[in-house]
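Please look through the sequence and the model shown here before reading on. The report then takes the parts one at a time.

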Amino acid sequence: MKRNKIKPYPYQAECLDAIDATIAAGEKRALVVMASGLGKTYTSAFAVEKFFADRPFVRVLVLCHSEKILTQTKDKFKDYFGEEFSYGMYVNDDKATRPTNFLFATFQTMKKDRKNFQKDEFAYVIVDEAHHSHACTYFPTIRYFQPEFLLGLTATPDRLDGQKIEEIYGDPVYELDFVEATNRGLITECDYRLVLDDLSQEQIDKYLQSDEKVSINQLNRTLFMPKRDEEIVRLIGEYSSDVEDPKTMIFCKTIAHARKIAKLMQGDDVALIHNSQSDSMNARALQAFRDGEIRTIISVQMLNEGIDVPDANIIVFLRNTVSPTVFYQQLGRGTRLAPGKKNVRVLDFVGNCDRIKMVFKLKQEIDDFRIKTPVKETSTHGDGDADSREKFTLNITTLEFKVRLVDIIDLLNKEKNGRTWTREEILAVMHDRITNGKEISAGALDMDSESPCSATCARVFGSFNAMLKELGIAKRGPKTDEELLCEYYHACKKANRWLSSTGIGQDKTLSAYSTYKSRFGSMEILRQAVVNLYGAEACDCLNITDKVNKERIRRDKHEELLRAYYEASLDAGHWLSLREIAAHRSLAFTRTYRRYFGSHSTLQQRAKDRYGDFATN
């Protein structure tokens, strides 16, 4: 297989060793967590090359939710592997008509067409931005394919909805997060400035002197006075005036706000990028920013993932998010290393307790890591003296805030646990989603860590439909069978049991029971359809007390595993060893065989008892 001048950095070599060890242990999946800007794409290319180093090269599938990310990934793979391999896209109407070595597909397109492919068509499957994997439109596709190896890549595995991607990929085999990458000098130094000139010291003193617990909404309403946009633009200019050759990314909450900020900046040096513009306009704006033709780009939910502009050196936050995933994605747009780049200046105008706590926590984690485990990175991708100076500095513009920092932390600790969404906040988020063309459905909200979950919407408005009615949104068309199964499974998982017809009727996040009955006929068929979609482990996940049904499912799975093992051994002419099971792409994981049979000797004996001893060793 072709090698060119691109070589793994030392930390990428560490990751490849971890993946190799996972494969050698008989595993068929791995999760890699790597901070933005550290080269997850090339790391996956290196991993593919090593996997096929001693075996014939067959097809590789790369899955992602974003066409833009896939296009960039394809370009990098082509740059690395060269013209001797073939590359195809599988996006919307752009579908490769002939088999290619590498196929790059969006989940949205593959959801409809996955059954056009054999389950074992791809020997290696890569899922980029794997933190999206639990989405109803993504997960069935991941489960459908049965590759020799499945690799999940993400910078931020944690989700606010509590779903664990480790259920799909296992625990991370390699983890290099933002905190460690910062301390190792693998990403640029960060000068983080909380612009809190509007903080009310009078309200701080009032709350500190009171023994009453206050809600986060109370704090946000009374501590922070929103700045006028004119003042924001003035402060952006003031706080970035000493940055050499500034290149600025600004994250706004709404398109209307982004347009106003752009107008106030007055000049041809600013461009907007958002999903109400055509793809071609967004692409031109982004390319002009990359090329330096414009120096400021203002985004509304368009630069979070997969956008690589290493020399961007100013990040401006004008929108709040309670999602650590989105926060680190946006911060990561400025933390990439680039020639001549000294650091990234972050101007955070988000006057919000959630954000302040998030930033303080990040600063504390970086400081604690630096004290406990100083690391010297000898690679040129890192400065070689990562423990010699502070890599993340936190500056707070309000003088009193600096003096009373301990008091502020104490005050934030007095807030009630958990986020309490008000009616007005929910409506604001929903209108924001409408403006940006995002779907408003129970499933879509539950998969979006920035939005209130559907259960919260139902509680605040009385029902989910009541909220839709207040927004003036007509109900969408009928849900697909997969969407119904997905929402039912997650509701059962939350309840830790199968929901009955009554339980479906009482759960405001689910479709009406009559919908399930008309589509599936009976509860028994509905539950069996869930098991068929999610596998027998759904029983273990739900802790189902229906022992008869569970035992029948386990018995069917036992028979399926035994027959697959026998047929594969028959083809080989001898009983397969555990290592051969691990390498055989049509067989389940070795740990699955261990779970059902205990040991390899028991498996082999059961196969002999069931089918007879054909082996001639």
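## The chain as a whole

The model is a predicted one, and its protein chain has 617 residues, of which 52% are buried. The secondary structure of this chain comes to 29 helices and 15 strands.

Among the contacts between residues at least 6 apart in sequence, 75% join residues that are at least 24 apart. The accessible surface of the protein chain comes to about 28300 Å², and carbon and sulfur atoms account for 49% of that surface.

In soluble globular proteins, nonpolar side chains tend to be buried together. The largest nonpolar core of this chain holds 84 residues, and the members that touch the most other members are Y124 and Y192. Helix 14, which covers residues 353-372, gives the most to this core, with seven residues. Apart from this core lies another one of 45 residues, and F139, L484, Y489 and C492 are among them.

Once neighbours within four places in sequence are left aside, Y192 is in contact with F317, F327, L331, V346, D348, R355, V359, F392, T393, L394 and N395.

Helix 12 runs over residues 279-291, and because each of its 13 residues is taken at 1.5 Å, the helix should span 18 Å, which agrees with the 18 Å between its end C-alpha atoms. The helix is followed by G292, a residue whose phi is positive, near 85 degrees.

The buried residues of helix 12 are N282, A285, L286, A288 and F289. Seen down the helix axis, these buried residues fall within an arc of 160 degrees, so they line one face of helix 12. They pack against strand 10, strand 11 (270-274) and strand 12 (296-300), whereas the face turned away from the buried side carries the exposed residues D279 and R284.

## S240 and E244 in one loop

S240 is placed in the loop between helix 10 (229-239) and strand 10 (248-251), and E244 likewise has its place in the loop between helix 10 and strand 10. Is S240 buried or exposed? S240 has a relative accessible area of 12%, and because buried means under 20%, this residue counts as buried. E244, by contrast, has a relative accessibility of 62%, and because exposed means over 50%, E244 counts as exposed.

S240 is in contact with I314 and R345, while E244 is in contact with N313 and K342. The pair E244 and K342 is 98 residues apart in sequence, yet their C-alpha atoms are 9.1 Å apart in space.

## H558 in helix 26

H558 has its place in helix 26, which covers residues 547-572. Which residues does H558 touch, not counting residues up to four places away in sequence? H558 touches Y596, F597 and R606. The C-alpha atoms of H558 and Y593 are separated by 8.8 Å, although these two residues are 35 residues apart along the chain.

Notes
Residues numbered from 1 in each chain as written. Predicted model: local features only at pLDDT ≥ 70, side-chain atom pairs only at ≥ 80, totals over all residues. Heavy atoms only, no water. Helix = DSSP H or I, 4+ residues; strand = E, 2+ residues; numbered from the N terminus. Buried < 20%, exposed > 50% of the residue type's maximum accessible area, 1.4 Å probe, protein only. Contact = heavy atoms within 4.5 Å. Areas by Shrake-Rupley, 256 points an atom, 1.4 Å probe, with all protein chains shown as cover. Core = buried A, V, L, I, M, F, W, Y, C linked by side-chain atoms within 4.5 Å. Expected span 1.5 Å × (residues − 1). Arc of directions from axis to C-beta.
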